[in-house]
Amino acid sequence: MSDPPVANRRTSHSPPLQRELEGAQRAILSRPSIPIRHRLIFSLLLCFILCGLFGLVALTRIRQVRGQLDLLEALEMLYSRSLRVQLLERQEGSSVEALRDARARVEEAEALLAADAGQRRSPREAEAYSKLLSRLADYRSLLGRLESAVDVQERGREMAAAQALEAEIAFRGRDLVHRERSSVARLLRSSEMLFGTMLAVLLGFFLLITFFFTRALMDPMRRFQAYTRRIAQGDFSLIRPARAYRDEFSELALAVNQMLAEFQTNQEKLIQAGKLTAMGTITSGIAHELNNPLNNVAITTEALMEDFKALSDEEKWRLLQDIYFETERAGEIVKSLLDFTRDERPDLVPVDILEVIEATRRIAQNEMVLNDVRFELRAPPGLPLVRGAANQLRQVFLNLFLNAVQAMPGGGPLTVEVMAEKGLGRLCVEVRDEGIGIPPEHMPHAFDPFFTTKEPGKGTGLGLSICYSIIQKHGGTIEVTSERGKGTTFHVCLPLANGEKTGAEGPRLDRGPAEA
Amino acid sequence: MAEKSVLVLDDEPIVGDRLKPVLEREGFEVEIFTESERALERLKERSFHVLVTDMKMKGPSGMDLLRFIKEKAPSTQVIVITGYATIETSHEAQALGAFQFIAKPFKMKELAKLVSKAARGG
Ligand SMILES: Nc1ncnc2c1ncn2[C@@H]1O[C@H](COP(=O)(O)OP(=O)(O)OP(=O)(O)O)[C@@H](O)[C@H]1O
Ligand SMILES: [Mg+2]
């Protein structure tokens, strides 16, 4: 076990993890980018254009109506003015100025009508206008002649003609006023409709924008909330793309993945550290256990050497036998220690759970004996293999056994029961003690890293959190039930090596009944 | 001079087996125990000049015996054998008045010498 070069250390994820991280990051980045910023700008621009367009439409409408109103006014003026000219004419000796004035007004009205005449009118309307215009022209020239007429007789004739024309103009004018009025009313009514629809369209557009933006913001927010919950529970699997495109949240996902990769490496280190801690706990036991056969060999050899001549052959044989068996015993202890710490690859392969439990029992044997803990294994024959990494599973059971021993200071039974749940494609192990139990208020924290009720220096509080992450990596579950003063049971379930999962869901974890 | 008495307690039967003839040759009266419960009972019955005890055992530990003997028969000298000595346990044993510490694996000659020394001192 040599340390990696220092320069590598910070970034040295284990290669599969590095590959997995790269894969996830690539998947996130490979989607087309549609940043929220761009979508926001686009939507606001669209909104602005729509509002501008509607404003333009409204403006032209208003101008139209104003034009109509001007025309109407002109027509009305014309109508009332011709009456005035009639009145004027009736008075004898009407002044030339008054006539000129009247003519100027007629010209004004003519110009207005002429300007309006060309505007989108039906042929019938256009005809009515042109007729009115020609009458007006006639009237104007008549007024001119009236102005210059000096002779009374001539004047009387012209006056009569003017009056006839005036009557006709008034009639036509009234007709047109009527027509224009109803056209203005129509225009106003249709404008009302137009503005109503524009408002509705704008409102709909706003609703659409609001909907899309809340979705674009809230959905990822909710998703990330779920991620943090999952991470808090110790599930450090990387984030995969959830949508077909990427945006600002994808940047966040990249950063979170980077963090998760770091977490995973740290967790591996933590597991390694936890293994050493657990080994530390049993080192004294192991040393003690190893020293016993060594001491036996040493003193027996000493006895042999001291009294070699005095001893009978039979006695020598007995002593040699002692040496032989004690050496073998020491060898067994060393072997079980090596078995336990053997650094296998952490691949998940078919594993015999009973072998794992037995190896763990052997290593913790001394600790149990010294604390008057009786170990009992209940297992039916013909158990299926589970999918796991034996050395990590040994670590799990060592932690559970040590916790059980520590929970029973006065000794007691430690029962391990193994049962296959073939229907669920898993195998479950119950580790049961009759110790102090876990109080309900501690239950939600039992698996938290650094949660310990043991005195400083005695417990790191890492044991169960490491069990949890190891079992989780195996796609299994670990739960705890406990009754204060009566005892505690840990339920560990692992997927079978060849078992098909019956549930549709993937690996799921429960942290015991205390967590909702 | 009356024989000095020694009680040897170790849950390894071989230890008592080997020590008994050696200590007897040194002129001690030797009683061997492999269970601390039994040894404790015996200690309640009579006193010994020297107690040689293992530290970690099933049932009462060497430390428990040391505590008991220092209360009941303070004149008894105690030699503690350990398979794994930590600083704390050695300090604790010293504080409780243990005569000497000896770590496994030990030499029987050394232990015999220690017992003689303890018997003289006691
Ligand atoms: N079998 C049990 N009976 C009663 N309490 C338990 C049991 N197992 C765990 N606990 C409680 O859960 C806490 C956390 O256990 P965990 O194994 O994580 O840490 P620890 O045992 O305190 O420290 P370490 O494992 O590093 O020695 C313990 O301190 C203890 O309060
Ligand atoms: Mg623990």
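Contact, as the word is used in these legends, means heavy atoms within 4.5 Å. The model is predicted, with local features needing pLDDT of at least 70 and side-chain atom pairs counting only at pLDDT 80 or more, whereas totals for chains, interfaces and linings use all residues. Residues are numbered from 1 along each chain as its sequence is written, chains are lettered from A and ligands numbered from 1 in the order in which they are written, and side-chain values use heavy atoms, with hydrogens and water left out.

**View 1. The interface of chain A and chain B.**
Chain A brings 24 residues to the contact and chain B brings 19. The size of an interface is often given as the accessible area lost when the parts come together. Here the buried area, which is the accessible area (1.4 Å probe) that two parts lose on being put together, summed over both, is about 2000 Å², with 52% of it given by carbon and sulfur atoms. Between the two chains there are 11 residue pairs in polar contact, both residues being at pLDDT 80 or more; a polar contact is a pair of N or O atoms within 3.5 Å, where within protein one must be able to donate a hydrogen and the other to accept it, and residues adjacent in sequence count only if both atoms are side-chain atoms. On the side of chain B that touches chain A, α1 (13–25) and α5 (108–121) of chain B each supply at least two residues, and α1(B) gives the most, with 5 residues. Helices (H or I, at least four residues) and strands (E, at least two) are DSSP runs, numbered from the N terminus. The residues on this side of chain B divide into 10 charged, 7 nonpolar and 2 polar, where Asp, Glu, Lys and Arg count as charged, Ala, Val, Leu, Ile, Met, Phe, Trp, Tyr, Cys and Pro as nonpolar, and the others, Gly among them, as polar.

A salt bridge is a side-chain nitrogen of Lys or Arg within 4 Å of a carboxyl oxygen of Asp or Glu, and the rule finds 5 of them across the interface of chain B and chain A. The side chains of A:Arg329 and B:Glu12 meet in a salt bridge with an N to O distance of 2.8 Å. Both of these residues are also touched by A:Asn292, whose partners, not counting residues up to four places away in sequence, are A:Glu326, A:Arg329, B:Glu12 and B:Lys104. A:Asn292 lies in helix α6 (residues 248–306) of chain A and is buried, with a relative accessible area of 4%; buried means under 20% relative accessible area, exposed over 50%, and partly exposed in between (1.4 Å probe, protein chains only).

**View 2. The salt bridge of B:Lys104 and B:Asp10.**
The closest N and O atoms of B:Lys104 and B:Asp10 are 3.0 Å apart in a salt bridge. B:Lys104 lies in the loop between β5 (100–103) and α5 of chain B and B:Asp10 in the loop between β1 (4–9) and α1, so the pair ties together parts that are 94 residues apart in sequence. B:Lys104 is buried at a relative accessible area of 5%, and B:Asp10 is buried at 1%.

**View 3. Salt bridges on the helices of chain B.**
B:Arg67 and B:Glu92 form a salt bridge, their closest N and O atoms being 3.1 Å apart. Because B:Arg67 lies in helix α3 (residues 62–72) and B:Glu92 in helix α4 (residues 87–96) of chain B, the pair ties together parts that are 25 residues apart in sequence. B:Arg67 is partly exposed at 36% relative accessible area, and B:Glu92 is partly exposed at 34%. In another pair, B:Glu24 forms a salt bridge with B:Lys20 at 3.2 Å between the closest N and O atoms; these residues are 4 residues apart in helix α1 of chain B and so are separated by about one helical turn.

**View 4. The surroundings of A:Leu132.**
A:Leu132 is placed in helix α4 (residues 123–148) of chain A and is buried, with a relative accessible area of 0%. Leaving aside neighbours within four places in sequence, A:Leu132 is in contact with A:Leu75, A:Leu113, A:Ile169, A:Arg172, A:Gly173 and A:Leu176.
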